[in-house]
Amino acid sequence: MVWQLSITITLLERMTKPRLIYLPFGGAGEIGMNMYVYGYGSQDREQFIVVDAGVLFPDMETAPGVDLIIPDYSWLVERKSQVEAIFITHGHLDHLGAISFLNGELDVPVYAREFSRQIALDRIDEYGGNQSRFHTVDIYPDKITAGPFEVSYVPISHSIPESSSLIIDTPDGRVIHTGDFKLDHEPVIGEPFEEELWEEICSEKILALICDSTNALTPGKARSEASIGTNLDQLIQECEGMVIATTFASHIARIYQIAQAAELCGRNVVLLGRAMNRLVSHAIDVGILEDLPNQVSIGQARNLPRNSLLVLATGSQGEGRAATAQLSTGGSFKGLRVKRGDTVIYSSKTIPGNEVAISKIQNRFAELGVNIIDESSGLYHVSGHPNKTDLEKLHKLVLPNLVIPMHGEYRHLKMHAEIAIDAGFNAIVAPNGSMVELLGGKLLDSEKEQIGRLCIDGNDIVGFESDTIKERLRMAHNGLVSIFLSRKSGRFNREGIIVQCSGLNSDAFEEFQKELISMILTKLSQSTKQQLAHESKLKDILGKATRKLCLDFYNKKPVIQIAIR
Ligand SMILES: [Zn+2]
Ligand SMILES: [Zn+2]
């Protein structure tokens with residue numbers, strides 16, 4: 001009796017005592033679709049804030065035909081009355097690309113700095129949502145109160161302006177969510193990493209540091225953005241013909257450095273591609289950039305000598321419809337055309353998964369006699385994330401009770417945790433769906449079953465593991481066989497059978513069709529009256545037999561569709 005009472009009291013205590021939790025929805029297990037939730041309150045009554053709402057770009061291997069992959073936020077929607085606000089750390093799409101979908105479901109304010117807010121509003125224009133919920137934030141020491149949380153934006157260097165770490169003050173103590181960052185004292189455009197400011201912020205005890213892990217496997221220190229300036233100057237100076245430089249449209253510092261290099265050797269700068277034009281104009285509008293040196297319009301560029309042009313183009317990741325891909329066809333794009341002796345510079349890293357698309361485009365340039373300069377030398381691109389030594393430095397500066405690696409594949413998270421543990425810190429690897437109680441650093445029950453991925457598929461949102469995607473994958477790999485059966489005067493006969501195949505060797509179709517129809521007729525004649533009258537039983541019999549025939553005939557397992565009338 002006494003022990004029963006004590007168990008009940010312990011349970012009650014656990015239910016009512018407030019707790020501070022961290023729950024990653026995306027980004028802790030992949031590089032992409034970042035979304036992290038913090039909660040404070042008694043169990044199941046927590047109030048939540050969401051940090052970032054990003055996308056992952058799908059590949060043909062896992063989600064053919066899908067437009068975007070986003071974290072499955074239904075867990076949050078089920079608890080929507082407990083959600084207080086969404087905070088966006090910076091403007092990269094892996095952090096705000098899914099904001100439209102979340103913003104449509106959760107009626108809460110969305111906070112971001114002005115440049116990021118502009119990019120978020122572009123997403124709302126494209127995918128829908130409620131623009132009035134978006135608010136511009138000021139930086140630290142300003143704070144926003146959201147339920148039991150007080151959140152401040154601390155500027156930090158990265159590969160896009162206005163990137164920020166978040167200080168999340170809670171009744172249990174201070175948490176720091178780094179967002180994407182690097183320790184760059186010379187970021188060219190945007191705010192540098194300010195060590196003294198961080199010392200001030202961390203003068204009080206830090207409960208947990210939730211920290212970028214992208215480059216945890218890369219030894220040493222990350223190089224500064226400014227370190228490639230002279231390399232770009234020299235390279236562009238030596239180029240003959242037209243120069244095409246491609247980088248991420250949001251990398252304003254890189255765009256600026258390339259434009260400066262162009263100015264140095266008297267080249268005119270043309271921006272090519274929608275995203276490039278839009279982001280540069282946002283940067284000018286919000287005062288990040290005064291202007292781009294030597295910029296001319298595409299109309300003016302057409303009338304200038306080709307060797308006086310530097311084209312800054314979108315499409316560094318091999319995007320099929322972007323400006324770089326268009327130029328690589330050799331045809332005229334917006335009145336510009338590449339020629340033998342021109343140079344294309346990839347001032348960007350290849351995001352894993354995009355290698356094939358990029359090399360396809362580079363091969364086309366090579367065939368046209370265009371020189372290709374890629375990032376392999378390390379001279380024309382630096383990463384926007386911290387390397388191992390930078391992580392060690394930040395851990396020592398922050399001195400947190402607990403390090404939780406985020407923003408990385410599992411191997412990055414694991415290595416980041418090892419770096420922290422080796423230096424004497426506590427660290428927890430918490431992949432997507434793993435809830436952590438931050439005070440005391442405990443991994444709680446997993447929510448993995450409920451937190452997966454969603455696919456944005458045309459006008460629909462479907463589950464990543466749904467039959468739609470599984471069937472599409474099977475069709476992509478194995479083709480499709482469709483059988484239509486119709487009765488005439490209540491009976492099946494040869495004329496009532498139509499067979500169609502897609503994605504299977506069409507030269508063999510006639511023979512396959514003959515065999516399939518004869519098999520169907522045999523099966524129909526062997527079926528009992530009862531089986532013939534029962535549609536699902538009949539589909540079952542024919543399905544099995546068709547599957548076997550496909551395996552014998554094609555050695556393939558296509559998707560089989562049977563319709564009976
Ligand atoms: Zn990121
Ligand atoms: Zn980023």
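Into which domains is the protein divided? The division gives domain 1 (17–220 + 384–445), domain 2 (226–373) and domain 3 (479–564), with bounds that come from an automatic or database domain assignment. The model is predicted: local features need pLDDT of at least 70, side-chain atom pairs count only at pLDDT 80 or more, and totals for chains, interfaces and linings use all residues. Residues are numbered from 1 along each chain as its sequence is written, while chains are lettered from A and ligands numbered from 1 in the order in which they are written.

The C-alpha trace of the protein spans about 90 × 85 × 45 Å along its principal axes. Between the C-alpha centres of domain 1 and domain 3 there are 53 Å. The secondary structure consists of 18 helices and 28 strands; helices (H or I, at least four residues) and strands (E, at least two) are DSSP runs, numbered from the N terminus. Of the 565 residues, 43% count as buried. A residue is buried if 20 or more other C-beta atoms lie within 10 Å of its own, exposed if 12 or fewer, and partly exposed in between, with C-beta atoms placed from the backbone. Two residues are in contact if their C-beta atoms, placed in that way, lie within 7 Å. Among contacts between residues at least 6 apart in sequence, 69% join residues at least 24 apart.

A nonpolar core is a set of buried Ala, Val, Leu, Ile, Met, Phe, Trp, Tyr and Cys residues joined through C-beta atoms within 7 Å. The largest nonpolar core has 144 residues, of which Ile49, Val50, Val311 and Leu312 touch the most other members. Helix H8 (residues 252–264) gives the most to this core, namely eight residues. Domain 1 and domain 2 each supply at least three residues to this core. Not counting residues up to four places away in sequence, Leu312 touches Ala245, Ile255, Ile258, Val269, Val270, Leu271, Leu272 and Met276. A second, separate core has seven residues, among them Ile520, Leu538, Leu542 and Cys550.

Helix H5 (residues 114–127) has 14 residues and reaches 20 Å from its first C-alpha to its last. This is close to the 20 Å expected at 1.5 Å a residue, the expected span being 1.5 Å times one less than the number of residues. Phe115, Ser116, Arg117, Gln118, Ile119, Ala120 and Arg123 of H5 are buried. The buried residues of H5 pack against helix H3 (93–96), helix H4 (99–105), strand S7 (110–112), strand S8 (134–136) and helix H9 (274–285). Gln118 counts as buried because 21 other C-beta atoms lie within 10 Å. Beyond its neighbours within four places in sequence, Gln118 is in contact with His282 and Val286. Gln118 and His282 are 164 residues apart in sequence, but 6.9 Å apart in space, C-alpha to C-alpha. After H5 comes Gly128, whose phi is positive, near 90 degrees.

Most residues other than glycine have a negative phi, and most peptide bonds are trans. Met33, in the loop between strand S2 (28–29) and strand S3 (35–41), has a positive phi near 35 degrees. Met33 counts as buried because it has 28 C-beta neighbours inside 10 Å. Lys334, in the loop between helix H11 (323–328) and strand S17 (343–346), has a positive phi of about 55 degrees. With 16 other C-beta atoms within 10 Å, Lys334 is partly exposed. A cis peptide bond, with omega about 15 degrees, joins Tyr140 and Pro141. Pro141 lies in the loop between S8 and strand S9 (144–146).
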